[in-house]
Structure formats: C-alpha cells, structure tokens
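Here are some notes to read alongside the model. Please keep the structure open as you go through the points.

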Amino acid sequence: MSLRTVPNITVLRHFAAFTMKRRGQEVSSSSRRRRGRKEDEARAEMSESGAQLFARLEGRCCLKDIEPHLFPEDGGPDHGEVVELCGTEGTGKTELLYHLLCRCVLPEAAGGLEVDVVFVDTDYSLDMLRLVSILDSRLNTALSSNSSARSEEAALRSCLSRLLVVHCSSSSQLLLTLHFLETSLSSRPSLALLLIDSISAFYWLDRCGGGASFAKQEEKLSKCAELLERLLRDYRVTVFASCHAIRRSSSGPSSSSDSYLCRPWQRLVSHRLLCSRQDPVDSVAAAVGDRGQRMQPVFTVRCTSSSCSMKSFRSSSFCVTDGGVEFIGTSSSQDSEQSR
Amino acid sequence: MVVLREGMCPGLDAGLLRNLRAADVKTVEDLVSSDTEELARKCSVSYKALLAIRRVLLAQHTAFPVSGADLYEELLSSTAILSTGNPSLDKLLDSGLYTGEITELSGGPGSGKSQVCFGVAVHISYRLKQSVVYIDTTGGLTAGRLLEMLQTETSNTEEQMAALQRIQIFRLFDVYSLLDCLYGLRSGGLQQASVGGGSVKAVIVDSVSAVISPLLGGKHNEGMSLMIQVAGVLKTMAKDFNVAALVTNHVTRSGSGEVQPGLGASWSHIPRTRILLERVEPAAAVSPSGLRSATLIKSSRQVREAASTRTSCSSLIALATVREANFLISCVSCSV
C-alpha cells in the first residue's frame, strides 16, 4: 500500500477510539468516580491515536530485497522475521551489519531504502568512524556529479539522523530497553529494522548469575525473546542479530553453527547466516612478491532458512574494502524434501 | 535486576509496594513486563497511576537512544589518537591507540609485550604530557626501567621526575582486586589520578590473561563471567572517560599448530584491534636478536593500507616527530 493513499487521519482516530475498547472496558471503580476532564484524559491515554494505529498496522517498509546476494530467491526477510548471523571472531559479521545499515539509511539516489534503523549495541562494538567512512564512500560514488562539501555533509547528516543507537550493559537493561523502544516503534512508522549486536554478549554473565538451574540462567534472555516476539507481531519490523560463537571451530565452520542460546530465541530465528573466513593461501601471496598487492581474505556467508518448506541454502562470498562489503560470488542449492 | 524500593519514584509508597510484592512483582523488570491492567486490579490501584509509575521507572532505568548524528558529533569531538612512540607500530594501528577502544597485544614469553607497554606509558607521559594508569599483574614493572627509557628522551632530571609522576601504578595479582581497582577508577578514581595538569588518557593492563586464565577451564563458569565483567568495565571506562585501553595477553597453539592469542573464543570478540608479537630470529643467528615482529590480526579500520578516518577530526593528538623507544620493532606483515 503506497503511503500516498493515506486515509483521512481523523477517520482513523474515530476508528481507533471505537475499536481500542480493551482498556476502556476494564476501567477500575476508582477511576469511574472521577468525572470530567480527568476521565477524558484517562480515555485519551488508554486509546491510541490514529497515527499510532497506522504505524502499528501498516506502513513499514518491506525489507525482502535488502540484500539479494545473501538470501535465496524470494526468500528475503519478511515483516516480523529474525535473521541471526553466527560465526567466530573476524568473520565479517559486524561488517555485514554495517553493510545492511548503510543500505537502509542511504537515500534512494544512492541505492538505499531510506528507512529508520535502531542499533542495539550490547558490547560497544559499533565503530562510528568506520560506519561513516563506508557511508561517505557510497555517497561519493553515487552523488559524484554535483558534490559540494556542504551538500555532502548534509546528505551524511540526514543518513545518520535515521539511525538510533542504544547501548545496553546487561540483559535486564536489554529487556527494559526493548520495552522502552516500543514507544519509539509506535511513533515512527518509518522504523523498519532493528539490529542487535550482539545478542550473546551477556551469555556468560547470565549463566553465572543464574546459579545452578538452567531455567534461571536462561530466564532473562527468554524474556527478551518473548518480548521481541510480541513486538515483531505487533509492529512488523525485521530484526538482524549477531551471535558470537563461543567455541573455536576445530572441525570446520559447521561445528560452530550449533546455537547455544535459549530455546525461545532459537524458535524466533527464521534465517541463519553462518559466516566464515578463508585466508589467502600463503604460497600464492609469496609468488606475487609485491607487498602492496596482498590477497584479501575472502569471507563466506551461508544462509539457511527454516521458514520455507523446501530447505534451500545460499552461499555467497565477499571481501571487505574501504567502501564496505563487496560481494564476489554466490551459489545456491535446493534440497527438496524428497531427497531426505 | 533492580529491586523495587519505597520512594524510588513518586507514587511508589509502602502500601503499594506491599501489594506488589504480594502479587509477586519484586523488581523493576517484573513490573515493566507484567500486564498493567491486571496488576492495577490486583493491587487495587488506579490504572493511570500504575501506568505513570511504570513510565517513570522505565525512563530511569533504560538506556536512552541516541541519534547517529549526535553520536558521531560527540565522537569527533572527543576521540583522540595516541601515538605509541614507535612509527611502524603506529602505522600498523592506523596512527596509534584510539581512545574509547580496547587494543590487545598478545605474544609469547619474551616477545616484548611489557616493553611495548612501558614504551607507550613513557611516550604518553613524557611527550604528550598526559597521565597513564598502569595496572601491573605480573610484577614485571620496575621504575628503573621506566627511568632508563626516559633518560634516552631527556637528560633533565626534573622533566624525568615529572613524567614518572604522571604514570600511576597499581600492583594486583588476582581478578577480584583487578575488578575492585577498575570499578574504583571508573567511579571517580580517574579524576583523582589526573596529576600534573594532564588527564588520564590511557589505561594499560599488563597482563589481563595472568589473572583470568587460572580461572578458566573446568566445569565452573565463574571464570568466563569474571572475564566478561572485566571486559565490560574496561569498555565502559574507555568510552565514558575517553581513555585508550591497552591489554596484553598470552598465546596458545591452535588445533592446526599455529600461534593464536589466548583466553579463548569468548575473549576474541572483545578487543577492537589485536596485534601479535613474535620474535624474529635471523637465519644465522649467534645470539638472540633484539628484533620482534608485530602482526595485525584484527582491526576494524585497516582493510588495505592505512585507511584514514575523516580528516575533519579536530582533536587528533598526532605527533610530527616520533622517537623510537629503547628496543627495535619492525613491522613485517599486515594481514587482516
């Protein structure tokens, strides 16, 4: 539905007042006693405005084609889906998140989607200087025709103003922050993407703080996952979360793909991107001889989706340049259920 | 986990607190996650009042979202890059140690990690005239060595003494005193440690693996949790007070036999930049050489050559001339 055919906002407000009766019905006896202006105020607080209703139900940009290299054909993340990026250190997860972020906040002239993004930073891993250099180089290549310093600054500033950054230092704070973000979600219909880097930052703290019972250890992250599920259902945003691997993969990248987080989170994830890195072969680099032409390490991403009935995965490789992530090759494979 | 207490916010009196506890709502998280209408009914309080309490508590305890533009402005005006005193190491680190981040130096015994840390401390206190907090957990720091390094920079004893005074040293040998020290520094200690006009610009922990690796392994997870706590307090200190954190780490051998930094996969995500130091033995060596090689194994900035940040940074502490410290270090390879 195009945003230009927005129905009359007053019509929506009346509609909202009639349909949002769930709070009005359960007014307690003490507030029934208050008459006049106070009761009107209470009712206004209990119902939501037309704009909030609109933001809740419609209007979020669909991010299905956020990065066609990563996801199988027509299998991009739909509204309300969660994508998890897993991998050991140095496999390009944060770079991929920067790439997706830039794709979302850049203006349409530079190949972006012009949507708002919330970045939940749990381990202070957001490097704003690197992010700005990626945005800068992409804006430069796109708007190189009429670039003056001031217009570039203005373009950069408008991109950055679409980004909201939140730092969390514990899983209880993460839970409270997600509750707080609900108001931002309802008041900004252009907010379509929630990035969490990383969801596993408090794993060891929770495990130690929960004593001997696994249930207590996983309680906080389970609550966060349940809250996220409700937010996804109500507000239809998309979530990308990175999850650090905690064991060094001694038997190849497939062993680090086992998810160790709690079950409610694993149920929530609909797509998993496994990241790994291949270092360039040393003999080739030595043969080249010139230090300035070192081979770049190649990163691979393998996407598995649990949502589609035909288990299909897609593998792509990229390398990291000054302008961010650049994809070099993709391959996909379809394993139908009959072959199992 | 924040427990609900009387007087935390207007409207939260003793009676309401009792009713909430009876309804099994003891912490702020419980209050925020529970259904407000049902809770208002159970505790016989008005829905509007409970909603107001919930809103105030949420605003008090959540992290406030910041716009990307404001964050970038703040970063531009507060980030500084501290030169390490060694030009090739600076080139590897993309012109030096960045404030607000953790940089890790790993290496085997005798590979020069502590010497590099001494050099950095001396350089910052003498050249940049800023204070340094040096946390020594191995007992390898002697003031005589620092003095020896300073004597190559200047022969004026007053300047040497002033520079030595700007280096504040803490000697601790277990992780709990390390955590105590770091928490103390974070809550006011850093301001007190600023002596001689310069504020603290670097916190060096040499070495962090000496106090944490004895606790790792085995069935108990307390070691991992303590490691993450140390990392957390170092990062918040680096960010809030704009200091550069430099830590050292030991090395282990991976499954395929190559040398890798220690403390496991969970620690590997924590430093923003990691450097591996190794001894370099020339082919026909008679005696151990003084050469060490530094390899950059993780960096968020060095993708090709030294990629420069935006040149409109106004507070770069960059040096025009740099003197080498008292050892040789040569940059051999830069592989990311």
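1. Ser207(B) sits in the loop between β7 (200–206) and α11 (208–212) of chain B; helices (H or I, at least four residues) and strands (E, at least two) are DSSP runs, numbered from the N terminus. The peptide bond leading from Asp206(B) into Ser207(B) is cis, with omega near -10 degrees.

2. A word on the basis of these notes: this is a predicted model, in which local features need pLDDT of at least 70, side-chain atom pairs count only at pLDDT 80 or more, and totals for chains, interfaces and linings use all residues. Residues are numbered from 1 along each chain as its sequence is written, chains are lettered from A and ligands numbered from 1 in the order in which they are written, and side-chain values use heavy atoms, with hydrogens and water left out.

3. Chain A has a cis peptide bond too, joining Asp197(A) and Ser198(A), with omega about -5 degrees. Look for Ser198(A) in the loop between β4 (191–197) and α10 (203–209) of chain A. Most residues other than glycine have a negative phi, and most peptide bonds are trans.

4. With a relative accessible area of 8%, Leu263(B) is buried (buried means under 20% relative accessible area, exposed over 50%, partly exposed in between, with a 1.4 Å probe and protein chains only). Glu114(A) has a positive phi near 55 degrees, and its relative accessible area of 37% makes Glu114(A) partly exposed.

5. Chain B comes to 13 helices and 13 strands, and 54% of its 336 residues count as buried. Met161(B) belongs to helix α9 (residues 157–165) of chain B and, at 43% relative accessibility, counts as partly exposed. From Met161(B) to Val66(B) there are 95 residues in sequence and 43 Å in space, C-alpha to C-alpha.
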